[in-house]
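Try each task before you read its solution.

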Amino acid sequence: MAVFFTAALLAMTCPLMAFDLGQSTRCVPIPNQMKVCQDVGYSEMRLPNFLGHSSLESEVVPRSEDWRPLLQTGCHPQAQAFLCSLIAPVCLDTVLLYVDSCAPVLACQGHAWPEALDCDRFPAQEDMCLSPQPKFNHFVKDLPKPACQNCPSVEDSPAMKTVLDALCQHDFAVIAKLSRRRLPMGEPEFEIEGRVEFIRQGPLLPYDTQHLLQQWLLINVRCAHALVRPGRAQLYLLTGAVQHDGSLALTRLFPRHKKDVNIAVATRKWKHHRC
């Protein structure tokens with residue numbers, strides 16, 4: 001994942017500096033192999049794009065794939081629209097930019113938001129930097145969301161009381177299988193395998209939790225690397241809380257192995273007696 005961010009940032013740092021927004025442009029169909037910008041609501045883009053790329057084959061298409069892992073994190077629901085408005089701009093003058101939600105995801109990987117994408121670098125008359133729509137914020141404001149955090153503690157072979165204390169002290173507890181596989185380009189992908197079992201549901205929503213935890217893994221990729229080996233899957237009891245700002249924080253993780261009976265006993269006791 002670190003390789004991806006380094007390559008993507010380097011690719012986007014320089015071209016805009018020499019790009020003249022007033023230069024001649026042309027409209028071309030968005031190619032089918034440009035997967036990250038399919039289904040964005042329009043089928044034609046203009047060249048050069050806002051990063052100064054003029055060639056679909058050698059610049060636009062390959063560099064667009066560099067940003068797929070960031071989009072997979074779900075850092076903002078309109079991140080795809082923002083990204084494609086720069087690399088595959090519609091043949092209009094209005095472009096969206098959502099920095100506030102996605103810049104922290106890059107920061108979580110140890111990278112600053114690219115200077116080339118700073119709103120101040122774009123002409124104000126282009127109206128390229130817009131605030132999130134109020135109606136959209138109303139829809140998502142009550143849903144927990146993943147955020148960058150310090151890696152939670154991982155406790156192997158915990159005592160039964162340790163697990164019971166964690167169940168009592170936190171807002172939610174779930175059992176989930178974390179898996180890691182390698183993509184064709186060599187970048188690891190983390191996901192939640194199978195269904196999530198609720199021990200303590202708290203503020204989590206059944207239909208949203210699996211996706212929420214997967215987003216957490218993609219955002220906190222350094223933690224994910226420590227939790228799951230390549231080509232392996234690991235079952236965990238995860239406990240955590242939802243913060244005042246609505247962000248989800250995982251606090252204590254217990255690997256669940258067949259030989260460990262304390263976790264199973266503790267969860268059964270909690271279900272019957274609670275705290």
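**Exercise 1.** Which strands and helices do the buried residues of H2 pack against?

Solution. Keep in mind that this is a predicted model. Start with the buried residues of H2: Leu 56, Val 60, Val 61, Ser 64 and Glu 65. Seen down the axis of H2, these residues fall within an arc of 130°, so they line one face of the helix. An α-helix has 3.6 residues a turn, so residues three or four places apart point the same way. Now look at the partners. The buried residues of H2 pack against strand E1 (26-29), E2, helix H3 (68-72) and H4.

**Exercise 2.** Find the residues that touch the most other members of the largest nonpolar core, and the elements that build this core.

Solution. The largest nonpolar core has 29 residues. Met 34, Cys 37, Met 45 and Ile 87 touch the most other members. Next, take the elements that give two or more residues: strand E2 (44-47), helix H2 (56-65), helix H4 (79-87) and helix H5 (99-108). H4 gives the most, with 6 residues. Then zoom in on Met 34. Beyond four places in sequence, Met 34 is in contact with Met 45, Val 60, Val 61, Ser 64, Ile 87 and Ala 88. A second, separate core holds 22 residues, among them Ile 192, Leu 212, Leu 248 and Leu 253.

**Exercise 3.** Decide: is Gln 234 buried or exposed?

Solution. First locate Gln 234 in strand E7 (residues 233-242). Its relative accessible area is 17%. Buried means under 20%, so Gln 234 is buried. Last, list its contacts beyond four places in sequence: Ala 176, Lys 177, Leu 178, Leu 227, Pro 255, Arg 256 and His 257.

How values were computed. Residues numbered from 1 in each chain as written. Predicted model: local features only at pLDDT ≥ 70, side-chain atom pairs only at ≥ 80, totals over all residues. Heavy atoms only, no water. Helix = DSSP H or I, 4+ residues; strand = E, 2+ residues; numbered from the N terminus. Buried < 20%, exposed > 50% of the residue type's maximum accessible area, 1.4 Å probe, protein only. Contact = heavy atoms within 4.5 Å. Core = buried A, V, L, I, M, F, W, Y, C linked by side-chain atoms within 4.5 Å. Arc of directions from axis to C-beta.
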